[in-house]
Amino acid sequence: MLYSVKMRSAQGGAHEKGGRHISGAERILPADQLDYAVLTMLHRAQEHERGRADFISLKVEEIKPQDVVYKPLLAFSACKADSAAEGQRTAIEELKRAGVSEEAAKHGLALVNGLTDSMRGAMVVDAESGERIDGMGERGVRASKMDCVNSRGYDEYMQQRGLTGDHVREALVLASKVAGAEGMVAELCWSDDPYYVTGYVASPLYGYRRIPVMKERGNGVGGRIFFVRPGTDMQKLINYMEEQVVMIKPEGVPEC
Ligand code: AMP
């Protein structure tokens, strides 16, 4: 049996009472890994660099096996870029290669570069016209309810490739769920973390392409775009991203 464990923390009271969001995390795990996951999340909430949380919510829910779908882990590879400008040019080339029109790729980058504050979710953009089509305003569309079938095996798999840290660990699982959505052409992302300048373009065709520099150091605004084929059913896409439980299976990593 699998369980969903969710944590959210805030300062100045609970989120619904006006508290400022500090951190959040979600895992989907078998019963024997629950204790460890809950403790790790509790520590993460207490030690976050955004500040000291005075409200922490932890929720554990059972997941029915029939509600789970399985998708493959995207292949990982890296591009070269020595500056933010080069990284952004590389992102445009990667997006085009994955099937996004030049106009839409450029418009997508302009949308993220134009943000003055980070959104909670992603913008959904038509991969042909470049128009934003989700209608979700400042919130955007959030991908959630995903994890890796064998977390310990996945960590080893990542370490063998020199990929350590929560950012890439979480991003590769998220990108694998996103790439499995109907109508998905590519995803573009760079982080809100002011000192994490790496980003990526991911696609069903070419997998996860890491781009070492996408923004200037110290910039605390990041963003995410899901580029979809024209005519993609938005309600179905939002439902898949936010409600469908997806477990990611890395190839060659044994299941528990
Ligand atoms: P992060 O890599 O977590 O710093 O996030 C970078 C940007 O991606 C954020 O500013 C959000 O716009 C977006 N984002 C973060 N988490 C999610 C998510 N679960 N689903 C969709 N978009 C997200």
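Reader: How do you know which features can be discussed?

Author: Because the model is predicted, local features need pLDDT of at least 70 and side-chain atom pairs count only at pLDDT 80 or more, while totals for chains, interfaces and linings use all residues. Residues are numbered from 1 along each chain as its sequence is written, and side-chain values use heavy atoms, with hydrogens and water left out.

Reader: What makes the protein chain as compact as a globular protein of its length?

Author: Let me start with the secondary structure, which comes to 6 helices and 12 strands. Helices here are DSSP runs of H or I with at least four residues, strands are runs of E with at least two, and both are numbered from the N terminus. The radius of gyration is 18 Å, close to the 18 Å that the globule rule gives for 256 residues, so the chain is as compact as a globular protein of that length. That radius is taken over C-alpha atoms, and the rule is 2.2 Å times the number of residues to the power 0.38. The C-alpha atoms fill a box of roughly 45 × 40 × 40 Å along the principal axes.

Reader: Why is Thr232 called buried?

Author: Buried means under 20% relative accessible area, exposed over 50%, and partly exposed in between, with a 1.4 Å probe and protein chains only. Thr232 has 17% relative accessibility, so this residue counts as buried. Thr232 lies in the loop between β11 (223-228) and α6. Across the protein chain, buried residues make up 49% of the 256 residues.

Reader: And why is Gln235 called exposed?

Author: Gln235 has a relative accessible area of 57%, so the exposed label applies. Gln235 is found in helix α6 (residues 234-243).

Reader: What makes Lys96 partly exposed?

Author: The relative accessible area of Lys96 is 29%, so Lys96 is partly exposed. Lys96 lies in helix α2 (residues 84-98).

Reader: How do you know which residues Lys96 touches?

Author: Contact means heavy atoms within 4.5 Å. Not counting residues up to four places away in sequence, Lys96 touches Ser101 and Glu102. With that exclusion, Thr232 touches Glu182 and Gly183.

Reader: What makes the backbone oxygen of Arg229 and the side chain of Thr232 a polar contact?

Author: A polar contact is a pair of N or O atoms within 3.5 Å; within protein, one must be able to donate a hydrogen and the other to accept it, and residues adjacent in sequence count only if both atoms are side-chain atoms. The backbone oxygen of Arg229 lies 2.5 Å from a polar atom of the Thr232 side chain.

Reader: How do you know which residues are around the ligand?

Author: A residue is near a molecule or strand if one of its heavy atoms lies within 4 Å of it. Of the 15 residues around the ligand, Gly121, Ala143, Ser191, Asp192 and Arg224 come nearest.
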